[in-house]
Structures are given as structure tokens and as C-alpha cells.
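Visitor: I am new to this structure. Could you show me how to read it, feature by feature?

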Amino acid sequence: ATDRPTPQHAPRAPPTPPCDPSPWSRRRADPSTGIRFGAQLVRRRGAMGTVVDAPAVVTEKEVVAENMLGDKKVTVVFVLGGPGSGKGTQCSNIVEHFGFTHLSAGDLLRAEIKSGSENGTMIENMIKEGKIVPSEVTIKLLQQAMIKNENDKFLIDGFPRNEENRAAFENVTKISPAFVLFFNCSEEEMERRLLGRNEVSFFTYVLMFGLCILIKTTLFLFPTICIILQGRVDDNIETIRKRFKVFVESSLPVIEYYDAKDKVKKIDAAKPIPEVFEDVKAIFAPYAKAT
Ligand SMILES: Nc1ncnc2c1ncn2[C@@H]1O[C@H](COP(=O)(O)OP(=O)(O)OP(=O)(O)O)[C@@H](O)[C@H]1O
Ligand SMILES: Nc1ccn([C@H]2C[C@H](O)[C@@H](COP(=O)(O)O)O2)c(=O)n1
């Protein structure tokens with residue numbers, strides 16, 4: 001054997017076969033969403049033997065134009081920040097003033113649990129543990145929601161939560177965000193807000209019980225009302241602490257990734273709601289609705 005260096009135009013080795021055929025490896029169109037995938041994602045063994053999603057070799061023909069969802073051109077803003085930093089609150093204001101559609105990844109996952117889908121139990125357990133649901137599940141829900149909606153401007157709230165979310169979304173949809181709105185807030189303040197979100201006074205329970213007696217449906221209605229009043233299953237101190245840890249370890253690196261691309265617009269989210277919205281408004285001014 002000779003010691004000659006490999007010529008630069010040497011034929012490439014064939015791509016490694018996927019070690020786990022997953023929904024990602026389907027090409028062209030996903031029948032349930034009708035979306036043409038611009039890149040194929042396959043499961044490969046990465047460093048240290050971990051399974052990672054990596055784009056496979058794609059031919060030029062298959063590459064879909066940037067920010068096209070099927071045949072639709074879309075503007076996407078990722079809304080990120082710690083749990084309880086006020087993302088949902090401000091998204092409602094942005095929807096009202098700037099005509100965006102709000103898609104909360106957490107809300108879509110909670111709706112999936114309620115729908116009784118086959119993934120429901122897995123999603124519920126992961127949310128209770130404060131963990132991040134596998135990207136393929138969340139991305140599929142986001143894609144379906146964007147396709148169903150006629151709007152072309154979307155606020156994607158609480159996504160991408162980790163590097164896997166980010167890379168998979170970009171690879172599958174070919175969409176990159178116009179910018180990332182980042183709500184910066186201390187853990188003490190976020191904890192106070194989250195615990196407050198689940199607080200329902202004893203008086204409210206008594207009032208509801210009284211109402212149920214009045215309309216003579218205590219047996220069926222009151223337990224249902226209690227479940228609704230109980231609020232989110234993950235707004236308890238134990239899960240909140242886990243969510244903070246996941247945010248620091250997994251979500252902050254995503255914000256740093258976009259920051260390095262100069263795409264992050266950081267908001268001081270510790271201020272009162274109207275003041276935070278003043279800062280948000282300044283950022284969204286270019287998207288003002290024509291009157
Ligand atoms: N600037 C603010 N000052 C005080 N309270 C706020 C502020 N913004 C939001 N809140 C309150 O904090 C709680 C959490 O807000 P919100 O649901 O908008 O946060 P979030 O970031 O979407 O949370 P999560 O990530 O858990 O979904 C709510 O009860 C909301 O009314
Ligand atoms: N990209 C996402 C977004 C949310 N989840 C799960 C895990 C979160 O704790 C939970 C609630 O989300 P929130 O409403 O606080 O944004 O939903 C996920 O796994 N992946």
C-alpha cells in the first residue's frame with residue numbers, strides 16, 4: 001500500500017445506514033401533514049455512542065426554499081425564556097397588536113394529552129418530570145398547527161427547548177426564525193409567578209361547591225371543577241425546580257446559538273406586564289398591522 005494522500009475529489013464513502021429507522025427517515029411528504037421535507041433526518045451514532053439526529057445527504061432538487069411551509073412562505077419568531085418569565089402573557093399582547101398567531105409548544109402538547117392520542121401518556125409523564133418531549137412529536141404538532149392556520153406570521157412559544165429541538169426543526173422544515181424574543185427573568189421572580197398561577201383561594205372552592213349544590217349536580221360537576229381549578233400539573237415546587245435546571249442546561253445553549261448569529265432580542269421580563277409590553281412593542285414595530 002502506498003502512503004499517498006487521498007485526492008480531494010476521491011469518491012465519497014456511502015452514507016452510514018440509519019441505526020434506527022424513525023419517522024424522520026421518511027422522504028418528501030409526510031402524509032399526515034402534507035409537508036415536503038427539505039432534508040432527511042436519520043438517526044446516527046454520535047460521539048460517545050449517543051444517538052443523534054443528523055441530516056442525510058440530500059440532492060439539490062429536494063431542498064425546499066428557506067421558510068417555506070409546503071407552498072406557503074412564513075415568518076417565524078421563537079419566543080424563549082424560563083418557565084414563568086411571561087412568554088404566554090406577552091404573546092397574547094403581540095397577537096392582538098401585531099396579527100401574529102401564537103403557537104405554544106406546551107399548549108399543543110397538553111392538547112395532545114387531552115385528545116387521548118397514543119403519545120398522550122408518554123407526554124404527560126415527561127411534562128410531570130419537567131423533561132423535554134422528543135422533537136419529532138413536538139415538531140409534528142407545530143407543523144400541523146402552522147399548516148391548518150391561514151396566517152403566515154407565527155410566534156412559536158417555548159420552542160426550541162434544546163439543541164435537538166432546534167436542529168431537528170431547522171432540518172425538517174428548513175425554517176429559520178426572523179429573530180428570537182428572549183424573556184430574561186430571575187429564578188426567584190419566575191418561581192413566585194408560577195406558584196401564584198396555581199393558587200386558587202379556599203373561598204373559590206366553597207363558592208363553586210355552593211353553586212353545584214344549587215344546580216344539584218355536585219356529584220359530577222364538582223370533581224371536574226376541582227380538576228380545572230387545580231391548574232397545571234407542573235406548577236408545583238418540585239417540578240418547577242426541575243424545569244429551571246432543564247432551562248439552564250438545555251435551553252440557554254439554544255439562546256446562545258442564536259445570539260452568536262445576532263438573532264436574539266433580549267427583554268427585561270422582571271418589569272411589570274405593561275412595561276414589558278412597551279419593550280416588546282418597540283421590537284415588533286416593523287410588523288405593525290396596516291390600519
Ligand atoms: N411581567 C410580569 N409581572 C408579574 N407577573 C407576570 C408578568 N408576566 C406574567 N406574569 C404572571 O406570571 C405567570 C406566568 O406567566 P406566563 O404564563 O405568561 O409565563 P410563561 O413564560 O408562558 O410560563 P410557562 O413557560 O410556564 O408556560 C402568570 O400568572 C402571569 O399572569
Ligand atoms: N419544546 C417543548 C416545549 C414544552 N415541552 C414540555 C415540557 C415543559 O415543561 C412543558 C410545558 O411547557 P410550557 O408550557 O412551560 O412552555 O411542555 C417540551 O417537552 N418541549
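Guide: Start with the kind of model. This is a predicted model.

Visitor: How many helices and strands are there in the protein?

Guide: The protein has 10 helices and 9 strands.

Visitor: How many residues does the protein have, and what share count as buried?

Guide: Buried means under 20% relative accessible area. The protein has 291 residues, and 40% of them count as buried.

Visitor: What do the contacts between residues at least 6 apart in sequence join?

Guide: Of those contacts, 73% join residues at least 24 apart.

Visitor: Which residues of helix 5 are buried?

Guide: They are Asn-165, Arg-166, Ala-168, Phe-169, Glu-170, Asn-171, Val-172 and Thr-173. There is a general idea to keep in mind here. An α-helix has 3.6 residues a turn, so residues three or four places apart point the same way.

Visitor: What comes just after helix 5?

Guide: Lys-174 does, and Lys-174 takes a positive phi of about 65°.

Visitor: Which residue in this part does the UniProt annotation "binding site" cover?

Guide: The annotation covers Asn-165, and it comes from an unreviewed UniProt entry. Such annotations may be inferred rather than shown by experiment. Asn-165 sits in helix 5, which spans residues 163-173.

Visitor: Is Asn-165 buried or exposed?

Guide: Asn-165 counts as buried because its relative accessibility is 3%.

Visitor: What does Asn-165 touch, not counting residues up to four places away in sequence?

Guide: Asn-165 touches Ile-132, Val-133, Ser-135, Ile-139, Phe-159 and Pro-160. With Ser-135 there is also a polar contact: the side chains of Asn-165 and Ser-135 are joined at 2.9 Å.

Visitor: And Arg-166? Is Arg-166 buried or exposed?

Guide: Arg-166 is also placed in helix 5. Its relative accessibility is 9%, so Arg-166 counts as buried.

Visitor: Which side chains have a polar contact with the side chain of Arg-166?

Guide: One is Glu-163, at 3.0 Å. Another is Tyr-257, at 3.1 Å. Leaving aside neighbours within four places in sequence, Arg-166 is in contact with Pro-160, Val-254, Tyr-257 and Tyr-258.

Visitor: Now the ligands. Which residues are the closest to ligand 1?

Guide: Lys-87, Thr-89, Arg-197, Arg-243 and Lys-271 are the closest of the 17 residues that surround ligand 1.

Visitor: Which atoms meet there?

Guide: Begin with the side chains. An N or O atom in the side chain of Lys-87 is 2.7 Å from an oxygen atom of ligand 1. A polar side-chain atom of Arg-243 is 2.8 Å from an oxygen atom of ligand 1. Lys-271 uses its backbone: an N or O atom there lies 2.8 Å from a nitrogen atom of ligand 1. On its own, ligand 1 has 630 Å² of accessible area, and the protein covers 78% of that.

Visitor: Which residues come nearest to ligand 2?

Guide: There are 15 residues around ligand 2, and Arg-110, Val-133, Gly-158, Arg-161 and Arg-232 come nearest. Val-133 has a backbone N or O atom 2.6 Å from an oxygen atom of ligand 2. For Gly-158, a backbone N or O atom lies 3.1 Å from a nitrogen atom of ligand 2. Arg-161 places a polar side-chain atom 3.2 Å from an oxygen atom of ligand 2. Alone, ligand 2 exposes 440 Å², of which the protein buries 96%.

Visitor: Last, the cysteines. How many disulfides does the structure hold?

Guide: First the idea. A disulfide is a covalent bond between the sulfur atoms of two cysteines. This structure holds 0 disulfides. Take Cys-185: the nearest cysteine sulfur belongs to Cys-91, 15 Å away.

Visitor: Is Cys-185 buried or exposed?

Guide: Cys-185 is buried, because its relative accessible area is 14%. Cys-212 also counts as buried, at 1% relative accessibility.

Note on methods
Residues numbered from 1 in each chain as written. Chains lettered and ligands numbered in written order. Predicted model: local features only at pLDDT ≥ 70, side-chain atom pairs only at ≥ 80, totals over all residues. Heavy atoms only, no water. Helix = DSSP H or I, 4+ residues; strand = E, 2+ residues; numbered from the N terminus. Buried < 20%, exposed > 50% of the residue type's maximum accessible area, 1.4 Å probe, protein only. Contact = heavy atoms within 4.5 Å. Polar contact = N/O pair within 3.5 Å; in protein donor to acceptor, adjacent residues only side chain to side chain. Disulfide = S-S within 2.5 Å. Near = heavy atom within 4 Å. Areas by Shrake-Rupley, 256 points an atom, 1.4 Å probe, with all protein chains shown as cover.
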